[in-house]
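Have a look at the picture before reading on.

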Amino acid sequence: MAAAADTPLRSVLLGVDVGTGSSRAGLFDEKGKLLGSASSPIQIWKDGDCIEQSSTDIWHAVCAAVKSACSRANVDGKEVSGIGFTATCSLVAVDADGSPVTVSWSGDSRRNIIVWMDHRAVKQADRINILDSPVLQYCGGSISPEMQPPKLLWVKENLKESWSMAFRWMDLSDWLSFRATGDDTRSLCTTVCKWTYLGHAHREQIVVKDSCSMEACGWNDDFWDEIGLGDLLDGHHAKIGRSVAFPGHPLGSGLTATAAKARNIELGLVSGIPVGSSLIDAHAGGVGVMESALPSDSADDKEAICRRLVLVCGTSTCHMAVSRNKLFIPGVWGPYWSAMIPQFWLTEGGQSATGALLDHIIQNHVVSPHIANRAASQGISVYELLNKMLETMGQELNSPFLAALTKDIHVLPDFHGNRSPIADPTAKGVIYGLTLDTSESELALLYYATVQGIAYGTRHIVEHCNAHGHKIDTLLACGGLAKNPLYIQDHADITGYPIILPRESESVLLGAAILGAVAAKKYPSLHEAMKALNVAGQVVYPSKDPKVKRYHEAKYKVFRDLYEKQLSYRSSITEALA
């Protein structure tokens, strides 16, 4: 819906985020307040470890979401003053004309994206890790099959025709910016975090406005030669990025006339709108929330940001912390220079399945259809219904505190491997304490024990980071799971730290919009934009009950032991089969 003719045009920031299941768009005013948002579903193909998407389908969904958000927020396209894109760290293949190149065994040309959570390249990652290249020290000591080099190697070895056809290999968020502007400049966020690019090679280039002129100098050519991908070095690394930029750097001449058109498959905006260099979605969440300070934090405390850790919790969870100096932490990705906030080193922990795991636990239980119907009839989510059931059970069973309901159930949440801090993609999930009970109450307990298992995983990551130089004492949370009060309270109780929730629940979209604000020169830097637009909301504090603390200490020991036992069993079986 267009603004009225006699209403002065506002300055509105647009953030676009492409997640695993949908494309979303959010519009914000110059104070960081959400004016309206919308989403559009995207297609996904799953076949074992192979998980694929379509860039064409995603762009159509982006356009639909942007148009719907503008309509809901009553924003005219002429009012949009800056745009930023974020997305999952999925791998896109296109030819010289920008058309999709299949990455699928099926040969379906639509399927030109290897989704971030795809684990087809585990063997390639293992072979790369055996080489022990120096670049691996900047991703926790080993490369993950969720990063791009193993996936690229898999395509070269298995889809030779696609390999020869591909003209550009891009992270999804970089492809979105390229599709919008025609500028092939890559982001330091994507290249450093997922491609082994050494961003600190540019450290002397401290003036952000000069970053686009930085010819890519952070590629380690020996690494690419050594792993068998030396052909990607041709043309000054043209296929993987010959120039890079800090997040938020203005790209090209802004939104192209083609991308701006109001046709069904375009955005319906005005050409020339500044577009900022992209971020991975989790990193955008960090940008959208990390300067949401506690009331007790002093504005003069320049190091406060280095004591915070952001949980970007959705399908998976990323754990973001920054430092002034580089900290090498085994099993945790990074240190990444300027990959999220320019001039800061980023540490990135993670859990590969959190929201996805909770959905898996619930949806594969025999009473799941009944629970879903009950929730729908009450107009609430399944999570809200389960939380209410747990409260009732706590009262009926006279439990000393809610968490004690799970005393007989323990969950190791590594159903999709362990990303951090163990860095074992072959790790398996464990549920201890199953019985023949298939009731709704049993599902509620299993759901709650899984929430706790995920929180113990976060505690493990935080403890590991602090043992290697970080001084984390405050958590911030955003993403879909941050809207679940049980999930947040248990994370506070289990880690022992307060958790700040942002005023605006759509922190990833805000982080994307901040990229647009920086590109439009509304702020001198990304960090200054964060200080202006990040606003704290509710603060959730850990329980003061010593019984709760003792209980979680005991369960945390069980949690840690479940993985150690798994290693022992794995070794015994391997020996028996030798």
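A cavity here is a set of points, on a 1 Å grid over the protein atoms alone, where a 1.4 Å probe fits but cannot get out. Its volume is the space filled by probe spheres set on the points, which are joined across faces, edges and corners. Counted this way, there are five cavities of 30 Å³ or more. Keep in mind that this is a predicted model, where local features need pLDDT of at least 70, side-chain atom pairs count only at pLDDT 80 or more, and totals for chains, interfaces and linings use all residues. Residues are numbered from 1 along each chain as its sequence is written, and side-chain values use heavy atoms, leaving out hydrogens and water.

Start with the largest cavity, which holds about 110 Å³ of space. Its lining (residues with an atom within 4 Å of a point) is made of 18 residues, and Gln 351, Pro 413, Asp 414, Asn 418 and Ser 420 lie nearest the centre. Helix α14 gives the most to this lining, with four residues. Helices are DSSP runs of H or I with at least four residues, numbered from the N terminus.

Now follow α14 (residues 440–467) to where its axis comes within 9 Å of that of α13 (residues 382–396), crossing at roughly 105°. Axes are lines fitted to C-alpha atoms over the stretch in contact, and angles run from 0 to 180 degrees between N-to-C directions. Angles of 65 to 115 degrees count as roughly perpendicular, so α13 and α14 are roughly perpendicular to each other.

Note on methods
Helices (H or I, at least four residues) and strands (E, at least two) are DSSP runs, numbered from the N terminus. Angles under 35 degrees count as roughly parallel, over 145 as roughly antiparallel, 65 to 115 as roughly perpendicular and the rest as oblique. On a 1 Å grid over the protein atoms alone, a cavity is a set of points where a 1.4 Å probe fits but cannot get out, and a pocket is an open set with protein on both sides within 12 Å along at least five of seven lines; lining residues have an atom within 4 Å of a point.
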